[in-house]
Amino acid sequence: MSNSAAGIFRRVTDAVYWTGAVIACVALVLVSAVIPWAVYTRYVLNSASSWPEPMAVLLTVGITFIGSANCYRQRIHMNMTVGTDLLPPLLRRASLFLSEVLMGVIAIFMVVWGLKLVQTTWGNSVDEFPWLSVGITYLPIVVSGAMMLLFVIERLTIGPPPRDGADAHVPVE
């Protein structure tokens with residue numbers, strides 16, 4: 001891949017990463033607003049709202065899937081390296097390559113079967129939100145799988161994102 005193509009690809013993956021981070025953060029703020037409303041209506045007004053709990057669950061699903069894809073890109077999501085750290089350099093590189101390939105397979109699985117799940121449940125609606133298709137609630141699986149696949153391709157073609165300390169939330173090795 002040429003330097004200009006690699007630079008464009010890196011900017012695209014950065015944009016996907018930051019878009020996912022913003023979406024997950026907005027969802028987290030919304031959960032933080034919805035739960036106190038549920039407590040207020042239940043214990044102060046003595047008339048519980050039916051929508052806050054399912055809304056919080058749907059937002060948490062989005063946070064989990066999108067956030068885990070972003071954490072995967074930065075290697076801050078469940079990363080066990082005890083065994084690979086003991087390997088000689090050649091085997092360590094081979095195990096890292098195998099790990100990326102397997103993550104690519106999992107990401108493709110998430111996209112393909114997630115899309116089938118979305119299509120299968122598209123005609124159903126969520127009880128608490130009759131206007132909301134159940135299929136939409138499964139979209140975070142597809143989006144997360146596509147993000148992870150993009151991040152796997154990034155690692156295998158142009159390498160991991162730089163860890164220069166510019167991102168305060170990413171530890172510098």
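Buried means under 20% relative accessible area, exposed over 50%, and partly exposed in between, using a 1.4 Å probe and protein chains only. Keep that handy for the exercises below.

This is a predicted model, where local features need pLDDT of at least 70 and side-chain atom pairs count only at pLDDT 80 or more, while totals for chains, interfaces and linings use all residues. Residues are numbered from 1 along each chain as its sequence is written, and side-chain values use heavy atoms, with hydrogens and water left out.

**Exercise 1.** Find where Ile35 lies and classify it as buried, partly exposed or exposed.

*Solution.* Start with the location: Ile35 lies in helix H1. Helices here are DSSP runs of H or I with at least four residues, strands are E runs of at least two, and both are numbered from the N terminus. Next, take the accessibility: Ile35 has 37%, so it counts as partly exposed.

**Exercise 2.** Work out how the rings of Trp37 and Tyr40 are arranged.

*Solution.* First, the method: a pair of aromatic rings is described by the distance of the centres and the angle of the planes. Rings of Phe, Tyr and Trp (its six-membered ring) pair if their centres lie within 6.5 Å; planes under 30 degrees apart are stacked, over 60 edge-to-face, and the rest tilted. The structure has four aromatic pairs. In one of them, the centres of Trp37 and Tyr40 are 5.6 Å apart and the planes stand at 35°, so this pair is tilted. Now place them: both sit in helix H1 (residues 3–44), three residues apart, which is about one turn of the helix. Finally, Trp37 is partly exposed because its relative accessibility is 37%, and Tyr40 is partly exposed because its value is 37%.

**Exercise 3.** Describe how strands S1 and S2 are joined.

*Solution.* Two strands pair if DSSP finds at least two bridges between them. Here, two bridges link S1 (residues 125–126) to S2 (residues 129–133), and the strands run antiparallel. Val126 has Phe129 in S2 as its bridge partner. To finish, S1 and S2 make a hairpin with two residues between them.
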